[in-house]
Amino acid sequence: MNASSETWQLGNQSVEVTHLEKVYWPQSGFTKGDVLHYYRQIAPVALPYLKVRPVTLRMHPQGVEGTSYYLRNFPEDAPDWLRQVQYQPKTVSHPVPLPLIGTAAGLLWFANQGAIEFHLWGSHVPDLTQPDQAIFDLDPGDTASFTDVREAALRLHDKLEQGGVRGYPKTSGGRGLHIYVRLAVGYTFERVRSWVKAVGQQLATTYPDLIAIAQGPTHLGGRVTIDPGQNSVGRNTAAPYTLRASTPHPTVSTPLTWEELDTGNIRPADLTPQVVLDRVQRLGDSFAAVLNTDQHIS
């Protein structure tokens, strides 16, 4: 075993991590080893969001400037201690195995294979057809600023509060924001999608220069779009605390408080892995209520 490989004991499993010196972000020198160390440290906070939801992985085996691809199915060469769930899509005749990550060993095994980003379904086992959260994906157009996204999120916050519903914000890891509304059991994806669309249309009517419902390309113009289609079976959203393969340095999809958004001092590009680890140590997990707050929508 060469000097850039180690065996880490993670709970009951040992995981070999390799090529730790490989540079994943050439502009900042952030390495594969840095990625693995981040995920090892953040695992206790991140795993509760991952453990019951199918995960889609964005793989960058040669770093952010190399070829990337999405891994949606459980890999055939995965060790037998990794978990999976069978899902039957309407478009194929056989069940598809999907990865589940419930341990630090599983998280680090996939990261060692080249996974930089972890994206989650909006439903969980055992019933993947039933969502337990509504997601408002606030996506800025190419001429919109994060100030516009922040303003749109605050208007959405007001609208949700008027309806007796609490939303929880996090950065996308890029230029956008994700607002999560945790739901009680009993809703379908169609019902959640129509509710998100109705709320978004009301906001777009009230703030036509700021907010729009996504139609076709969502990255154009000066408005912030809301895509109700994000609330569909099989669609996935960046997990809380996942790294994002942005350049010139890694950023993190970071839970925030409404007070932070209101003050306007947050810049997504500043939310680097070390900053986020320091935040969690200092502030705890501001997103934790998403795990256990059951709410009803009208």
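Predicted model: local features only at pLDDT ≥ 70, side-chain atom pairs only at ≥ 80, totals over all residues.
I listed L120, G122, P131, Q133, I135, F189, V192, Q230, N231, R235, N236 and T237 as its lining residues. The elements that give two or more residues to this lining are β12 (133-140), α4 (189-206) and β17 (236-238). I sorted the lining by type and got five nonpolar, six polar and one charged. The space in this cavity comes to about 50 Å³.

I then asked how many cavities of 30 Å³ or more the whole structure holds. The search returned two.

**Helix α2**

After the helix comes G114, for which I noted a positive phi near 115 degrees.

**The four-strand sheet**

Which strands make up the open sheet, and in what order? I read the order as β6-β5-β9-β17, with antiparallel pairing. β6 (69-71) and β17 are the edge strands; each has a single partner strand, so one side of each lacks a neighbour in the sheet. On average, neighbouring strands here are turned by 35 degrees against each other, direction ignored.

I followed the pairing of β5 (residues 55-59) with β6 and found three bridges in the antiparallel sense. L57 is placed opposite L71 of β6.

What packs on this sheet, touching β5, β6 and β9? Helix α2 does, and its direction makes about 125 degrees with that of β9. I also traced α1, which lies across β5 and β9 (115-121) and runs at about 15 degrees to β9.

**The β1-β2 hairpin**

Last, I looked at strands β1 (residues 6-10) and β2 (residues 13-17), which run antiparallel and are joined by five bridges. The bridge partner of L10 is Q13 in β2. Two residues lie between the strands of this hairpin, and G11 has a positive phi near 65 degrees.

Key: Residues numbered from 1 in each chain as written. Heavy atoms only, no water. 1 Å grid on protein atoms, 1.4 Å probe; cavity = no way out; pocket = protein on both sides within 12 Å on 5 of 7 lines; lining within 4 Å. Points joined across faces, edges and corners; volume = space filled by probe spheres on them. Nonpolar A, V, L, I, M, F, W, Y, C, P; charged D, E, K, R; others polar. Pairing = 2+ DSSP bridges. Axes fitted to C-alpha atoms, helices over the stretch in contact; angles between N-to-C directions. Contact = heavy atoms within 4.5 Å.
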